[in-house]
Each structure stands twice: as structure tokens, then as C-alpha cells.
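Trainee: I would like to learn how to read a model like this one. Can we go through it feature by feature?

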Amino acid sequence: ANKACVKDACSAGEQRDHFIQGAQLWKKGNDGALQWIGDSRVYYLKYEQLAQSALIAVHGISQFLGLANIPIPENWAAQTPSTESQIQSKKDLIDTFDQIAGDTPTRLGYRLGYSEEIKRTWPRSNEVKVAMAAEDHSSCKGEPILIGACPHSGTSVMVRIIGSHPWIYEVPGETKQFTKDQSPAMVMKSAQKFREACQDDGKHAWVEKTPSNVVFLKSTLKGMPKARTVVMYRNGRDVVMSLLDRSCAWRPDGCNVPERLIEPIQRWVRAYESAFEWIGDPRVLFLQYEEFVRAPFLALHNLCNFLQVPYLPEEMLSYHTKELTYAGVPSGAPKAAAIHRELRDSQIQKPLYLSEGKGKNMTAQGTLLFQQMAGNIYKTLGYDRRPWLPGDERTNSSRVHHDGGRKGNPRKMHSRGQTAGQLARLDGMQGAGGRKRGAKWRGPSLERWRQQQGEGRQDLGGRNWREQRETQKASDG
């Protein structure tokens, strides 16, 4: 509508007519595209994903096309026109679009939740089932499937979804068989055990989920070079606060201190530093938890293509209707194990749901720590467009940027986008909430963080992670 009225000033009625024509065109084009869900010759990519996380999006495109990872120009940046605010102020346009678009925005993930009516119209399922009946999938000849991530990134639900496919055998619990550096012979020994169970169950392939699989992929893929790995990722601030909440459930003393965030942040950083080494490898799929929940049809289509199994949304997204409990019991105190298992059971016994917003509970001091320790990875995964500090959630124009400045605010910032007042609060953190005397300190010291602030370390934006890590190791001695 805006483009149609650029040269000639349009009246309100003419602009509305252009808007209606655009909405009709949008629905027609996307409804046509959605007819191909389940066809392995088609790959779905939302423009917003490309704009927010080009590195991950281009990895998926290269994987689908069977090409080496397509390079991204250093100065490239996708631009997302901000016209939504113009529409939000015109309720009649919103209502008009909703009437024209129907359930298409929901199926594409622009509106949360999928209705029973959409379930009844899942495309191509009958065609797929007819084709499946003619194939022998009972000899476990398919490639092994591994799931890895930072814990609390949706892996428990994902293994249930994949394990609900009639061709796939789900290895119970978290076996931790691939969570250490080991010889190819040891990897093959564990894989053979799972393959035998898969054959006994009459399935085509097996799937095993242990979050730290992602850290030890190098040795695992030497023993299983054809294995396929699904790397789940979720907003790091939500993950860190979720990990903190879980630990506080059985260790509540001293929870509301920034030091308690250090270990969960380190776990998140370690997982995705390891994962980024595999960008460009066709055996690894990066899957965003939030996008899977918003657009399960499109995400499941791409997932099934990657796993080389038929697209069966009814069976896979109905995982929660089965009588299942979480098989893995964590080590530790009985109280901790009981709480952990109860929470995991509740996750896998309900439909897909969007769990986000916990990161808003992170204090300003905690947010600054997260920005310092994990800002590069957060940016690479496409979450950098969100507000950083609690006070910045009022408007996007006051968002903290990694380039050291604050958009729309002339105040001078330190090298990592922090004001002097925020650094002063960071300096006082040890005295305000400090750790108990004699307690073990994990991770870099606060003095080291302040030193890095003054050095103004270069933000590599997620590129060349191996070089960045080696440089940091050398600077840390």
C-alpha cells in the first residue's frame, strides 16, 4: 500500500483499497506455498529469520541445496521495513487483514496457536502414508539422530516429537554415551547397542537426546560419520533464568545474586561456541525453539527433510497424548531428582507451548554480565534485536547496541554499550550480594570483566568462532 502511494498522494479510501489488494495477494501467494508442505523438494524460510540471524539461515539454505556454506559479505545486513507501527494505529486495517488472511498467519507462525480446524487440514498426510506403506522401514538402516543444545532449550520436547514418528526409535532418557571425547570404536560400540534396540522395535532409525552431545560432536562424528544432529537453541536470557530457577528450586539460599548467573551463562556459551564450529556442515541442523512453536508446520517440514523421513505432523505433534514419563533421573540429592523429574514430566505431557519472557526477570546487573559473557553468541543467534536492559523495554529506539553506542540517545557509552552508572552498579555487586567466604568461584573474575570492558574487545558478530576462542585463550594466559 505504501509503495503504491509513493508517487501519487492517495486518499484514505485509495490507500485502503491498495491495502486490501496487498492482503489478498499475500494470502494467495502463501496459501499456494503452503500446499507443498511435506514435499522434500521445497524448503521454507521466513524473511525475518534471514534478517535476524543470517549465519544460521544461510546454513539451512546451503544444506537444502547441497552446497558448501554460502559466504555472507562482511557488510551485509538485511533490512526489515518498520511499517507495522503504521498499521497498529489503524484498527480497521488490522480487522480487514484478519478477515482476508484467515488462518494463514497462524500456519506461517505470525500468530501464535494452531486450532483444531488447522489440524484437520494438515496437507499431504494421506499421500505420505500411502507412500510409507510401500516401504520397508523395519531394519534400522537409517542414519542415527542426535539432539544437543544447552539444557532448557526444548530438547525434551523435541526428542518426544521425533520419537513419535512411526519410523524412529527413541532411546530412553539421557544416556550421556556421546558426552565425552572417545575413540571411534567406543562411539560405534554405543551406537551398535542403540541400533539393536531399534531393530528389535522394528524401526528405521534411532534418536538419542543428551544436551551436551553438542559439545563433543567432533569425536562422535568420527565414529558415526553419517549421523545427523539437531541443535536446538532458545533465547539465552530465558535459558539462563530457567536454569537458575531450576537450581533455586532445591537450593534457594542466595538465589537473587548475580554470581549465581555465571555458571548457567557459561553453559550456554560453551554449548553454542561448540555448535558454531559446525556451521556449514550438512549433517547438523540448527532449530530455534521459539520458531518451532510459532510455526510448527514449516519447521517440522524442514526437520523431516533433514532427517529423511516422511512428514507426519499428526503423529509427531500429538506426542503429548501418549502415556510417557521422563526416563532420565539426574544424579544428586533425592529432592533435586524428584523436582527435576516432575518438571520434565509436565513439559512432555502437554502440547507445544511458547515459554519465553523469563529473561525479563534478569536484573540490570545480571543483564550486563550476560551481555559481557554471551553478547556475541546472542547476536549471532538473532536475539540481539531485543531490548537489553529492563529500562530499555519501553522503546526500541533506546536499545543498547554492541557497537558501543545507544541508538537515539546521545549519552556517551563505554565500549560494550554500558553507562558509567551501570558499571558502578556492577562494581558494587560483590559487596552487595557477594558469595560466601571460602565458596568456590567458577568462571572469570569481576575484575577481569571490568578489564575487558576497558579494553573494548572487538565484537566479531559470530564469525570465525574458532579464531575468536583461541585469541581469547591466549589473552587469558
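The dialogue below goes from the whole chain to single residues.

Trainee: What should I know before I start?

Mentor: This is a predicted model, where local features need pLDDT of at least 70, side-chain atom pairs count only at pLDDT 80 or more, and totals for chains, interfaces and linings use all residues. Residues are numbered from 1 along each chain as its sequence is written, and side-chain values use heavy atoms, with hydrogens and water left out.

Trainee: How many helices and strands does the chain have?

Mentor: Both elements are DSSP runs numbered from the N terminus: helices are H or I with at least four residues, strands are E with at least two. Here the chain has 22 helices and five strands.

Trainee: What share of the residues is buried?

Mentor: Of the 477 residues in the chain, 47% are buried. The accessible surface, by the Shrake-Rupley method with a 1.4 Å probe, comes to about 23,800 Å². Carbon and sulfur atoms hold 51% of that surface.

Trainee: And what about contacts along the sequence?

Mentor: A contact means heavy atoms within 4.5 Å. Among contacts with a separation of 6 or more, 74% join residues 24 or more positions apart.

Trainee: How many cavities of 30 Å³ or more does the structure hold?

Mentor: A cavity is a set of points on a 1 Å grid over the protein atoms alone, where a 1.4 Å probe fits but cannot get out; lining residues have an atom within 4 Å of a point. Points are joined across faces, edges and corners, and the volume is the space filled by probe spheres set on them. The structure holds two cavities of 30 Å³ or more.

Trainee: Which residues line the second largest cavity?

Mentor: Gly 154, Val 157, Met 158, Met 232, Tyr 289, Phe 292 and Leu 352. Helix 9 (155-163) and helix 14 (289-294) each supply at least two lining residues. Now sort by class: Ala, Val, Leu, Ile, Met, Phe, Trp, Tyr, Cys and Pro are nonpolar, Asp, Glu, Lys and Arg are charged, and the others, Gly among them, are polar. The lining has six nonpolar, one polar and no charged residues.

Trainee: How many salt bridges does a search of the whole structure find?

Mentor: Side chains of opposite charge can pair when their charged atoms come close. The cut-off puts a side-chain nitrogen of Lys or Arg within 4 Å of a carboxyl oxygen of Asp or Glu. The search finds nine. One of them joins Lys 27 and Asp 31 at 2.9 Å, N to O. The two are four residues apart in helix 1 (residues 12-34), so about one helical turn separates them. Lys 27 is partly exposed at 22%, and Asp 31 is partly exposed at 24%.

Trainee: Is Asp 281 buried or partly exposed?

Mentor: Asp 281 is buried, at 13% relative accessibility. Its salt bridge with Arg 283 spans 2.8 Å, N to O. Arg 283 is partly exposed at 24%.

Trainee: Which residues form a network of salt bridges?

Mentor: Glu 174, Lys 176 and Lys 209 are linked in one. Within it, Glu 174 and Lys 176 meet at 3.9 Å, N to O.

Trainee: Where does Lys 176 lie?

Mentor: Lys 176 sits in the loop between strand 2 (168-170) and helix 10 (184-200). Lys 176 is partly exposed at 47% relative accessible area.

Trainee: What is phi near in Lys 176?

Mentor: Most residues other than glycine have a negative phi. Phi of Lys 176 is positive, near 60°. Gln 308 also has a positive phi, about 60°. Gln 308 is placed in the loop between helix 15 (296-307) and helix 16 (313-316).

Technical notes
Buried < 20%, exposed > 50% of the residue type's maximum accessible area, 1.4 Å probe, protein only. 1 Å grid on protein atoms, 1.4 Å probe; cavity = no way out; pocket = protein on both sides within 12 Å on 5 of 7 lines; lining within 4 Å.
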